[in-house]
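Colleague: I have a chain open in the viewer and would like to go through its fold with you. Could we look at it together?

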Amino acid sequence: MEQTNTVETLWRVWVDTRRRIVSFHEEEDSKLLEFRNRELFFSCIEQYTGKQYRYQ
């Protein structure tokens, strides 16, 4: 029987609501958000863009 290894893609962002920054790398004092769905990830990014968050 053949086994397939499925690697689950995980999208991560760190959000600092005090400084209004979304980071694509780990940041101190930021909350980690993880997404296993590409559409949800981009939807979240669009929402923060609409709230005028900065990206780094």
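Predicted model: local features only at pLDDT ≥ 70, side-chain atom pairs only at ≥ 80, totals over all residues.

Colleague: Which elements does the chain have, and in what order do they run from the N terminus?

Modeller: The chain has one helix and four strands. Starting at the N terminus, the order is β-β-β-α-β.

Colleague: And how are the strands arranged in the sheet?

Modeller: They form an open sheet with the order E3-E1-E2-E4, and the pairing is mixed. E3 and strand E4 (54–55) are the edge strands; each has a single partner strand, so one side of each has no neighbour in the sheet.

Colleague: What packs on that sheet?

Modeller: Helix H1, residues 38–50, packs on it and touches strand E1 (11–16), E2, E3 and E4. The direction of H1 makes about 25° with that of E1.

Colleague: Let us take the pairs one by one. Parallel or antiparallel for E1 and E3, and how many bridges?

Modeller: E1 and E3 run antiparallel and are joined by five bridges. Within this pair, arginine 12 stands opposite glutamate 34 in E3.

Colleague: How many bridges join E1 to E2?

Modeller: Three bridges join them, and these strands also run antiparallel. Valine 15 faces valine 22 in E2 as its opposite residue. E1 and E2 form a hairpin with four residues between them.

Colleague: Which residue in that turn has a positive phi?

Modeller: That is arginine 20, with a phi of about 60°.

Colleague: What about E2 and E4, parallel or antiparallel?

Modeller: E2 and E4 run parallel, joined by two bridges. Isoleucine 21 stands opposite arginine 54 in E4.

Colleague: Changing topic: where does serine 30 lie?

Modeller: Serine 30 is in the loop between strand E2 (21–23) and strand E3 (31–35).

Colleague: Is it buried or exposed, and why?

Modeller: Serine 30 counts as buried because its relative accessible area is 19%, and the cut-off for buried is under 20%.

Colleague: Which residues does serine 30 contact, leaving aside its neighbours within four places in sequence?

Modeller: On that basis, serine 30 is in contact with Trp14, Val15 and Asp16.

Colleague: Finally, what are the totals for the chain?

Modeller: Of the 56 residues in the chain, 27% are buried. The accessible surface comes to about 4,900 Å², and carbon and sulfur atoms account for 45% of it. Among contacts with a separation of 6 or more, 46% are between residues 24 or more positions apart.

Definitions and conventions:
Residues numbered from 1 in each chain as written. Heavy atoms only, no water. Buried < 20%, exposed > 50% of the residue type's maximum accessible area, 1.4 Å probe, protein only. Contact = heavy atoms within 4.5 Å. Areas by Shrake-Rupley, 256 points an atom, 1.4 Å probe, with all protein chains shown as cover. Pairing = 2+ DSSP bridges. Axes fitted to C-alpha atoms, helices over the stretch in contact; angles between N-to-C directions.
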